[in-house]
Amino acid sequence: MLKKLTIVFASFALSAFAANPQNKLSSKWEELTASDFRDAIVQSKGVCILPFGILEKHGPHLPLGTDLLNVRYAALHAVEQEYAVVFPEYYFGQIFEAKHEPGTIAYSRDLQLKLLQETTDEMARNGCKKIFIVNGHGGNESLIPYFAQSQLDKPHDYVIYAIIGERNRPGGPAKKSTGIDYHAGENETANTLVTHPELVHIDRAKQESGGDQARVKLPEDVYTGIWWYARFPDHYSGDGSVAAKELGLWHIDAWIGSIVEAIRAIKADDTSLKLQNEFYEKSKHPLETRQ
Ligand SMILES: [Zn+2]
């Protein structure tokens, strides 16, 4: 990362622009002036990132905002390599399953969708025609694809892109724990040791068990909303006590890399919006669609 920055700065070395770091545009929406925001949208080619976190218990040892803090860390480091505008803290996602724990903020289903739609509509009205949702919270993994899919319901002049799914790459330093590691366990604790070491209370990680309680007996492909509570009622899955920073560096570096790669691909994509517009047009008169 440092090497790339050196190259970027070297290429501007003779210009007054680079001589004054004050002139470098921030990636953070809230740090830009109104007129710099205009330049930022040009520089980002209309790509704006919405890092999506949550406020929920993370075992006995990690902060409520772990997902928000970690996703913002990854997004803000990615845009150092490939510029994009980053929307402020956003944590209005799906977290009904943690409503029994202190500190959880769980907005209603309708509001989650409405707020996300109005947020992306407002971003697009301000020039973000490519909105890239980077998810930091497992509980959003059904919400975000549904939200993206539902953009086909009526015309929008922008495209929603999203990264969801596994944030921890296989390999790297050997894990010390074995078994399930879904939430506040070795992986996530290691990641947080990289992003916000001052907020990790690793000495408390053994105060509760992150074991799978497996209280409902159903075939694996039968889904219920209570599945998470049935298995991990204390919002802890895995063993955070054995986490080490080296493993976190491995995961976070991969996460940043995947965001950078996605930003570049999104900037280059001029097909999605064209196809969306074609689709909206055709969906007005489906009987004319012959094949
Ligand atoms: Zn988390």
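**Exercise 1. Is H251 buried or exposed, and what is its relative accessible area?**

Solution. A quick word before we start: this is a predicted model.
- Step 1: locate the residue. H251 sits in helix 9, which covers residues 245-268.
- Step 2: apply the cut-off. A residue counts as buried under 20% relative accessible area.
- Step 3: compare. The relative accessible area of H251 is 3%, so H251 is buried.
- Step 4: look at its surroundings. Setting aside neighbours within four places in sequence, H251 is in contact with R167, N168, R169, N187 and N191.

**Exercise 2. Work out where H137 lies and which residues it touches.**

Solution. 
- Step 1: find the element. H137 belongs to the loop between strand 3 (130-135) and helix 6 (143-149).
- Step 2: check the burial. H137 has 2% relative accessibility and therefore counts as buried.
- Step 3: list the contacts. Not counting residues up to four places away in sequence, H137 touches F52, G53, I54, E56, D67, Q94, I95 and R167.
- Step 4: L115 is 22 residues from H137 along the chain, and their C-alpha atoms are separated by 17 Å.

**Exercise 3. Identify the protein donors of the zinc ion and give their spacing in sequence.**

Solution. 
- Step 1: name the atoms. The donors are NE2 of H58, OD of D67 and OE of E188.
- Step 2: read the distances. These donors lie 1.8 to 2.1 Å from the zinc ion.
- Step 3: write the pattern. Along the sequence, the donor residues follow H-x8-D-x120-E.
- Step 4: H58 and D67 are both buried.
- Step 5: link back to Exercise 2. D67, a zinc donor, is also one of the residues that H137 touches.

**Exercise 4. Describe the fold and overall dimensions of the chain.**

Solution. 
- Step 1: count the elements. The chain holds 10 helices and four strands.
- Step 2: Starting at the N terminus, they run α-α-α-β-α-β-α-β-α-β-α-α-α-α.
- Step 3: Along the principal axes, the C-alpha atoms fill roughly 60 × 55 × 30 Å.
- Step 4: consider the interior. Of the 291 residues, 44% count as buried.
- Step 5: consider the contacts. Among those between residues at least 6 apart in sequence, 78% join residues at least 24 apart.

**Exercise 5. Summarise the surface and charges of the chain.**

Solution. 
- Step 1: count the charges. There are 31 positive and 38 negative side chains.
- Step 2: The centres of the two sets lie 3 Å apart.

Key. Residues are numbered from 1 along each chain as its sequence is written. This is a predicted model: local features need pLDDT of at least 70, side-chain atom pairs count only at pLDDT 80 or more; totals for chains, interfaces and linings use all residues. Side-chain values use heavy atoms; hydrogens and water are left out. Helices (H or I, at least four residues) and strands (E, at least two) are DSSP runs, numbered from the N terminus. Buried means under 20% relative accessible area, exposed over 50%, partly exposed in between (1.4 Å probe, protein chains only). Contact means heavy atoms within 4.5 Å. Accessible areas come from the Shrake-Rupley method with a 1.4 Å probe; for residues, only the protein chains shown count as cover. Lys and Arg count as positive and Asp and Glu as negative; His and the chain ends are not counted. The place of a charge is taken as NZ of Lys, CZ of Arg, CG of Asp or CD of Glu. Donors are N, O and S atoms within 2.8 Å of the metal (3.2 Å for Na, K and Ca); water is not among the atoms, so sites may look incomplete.
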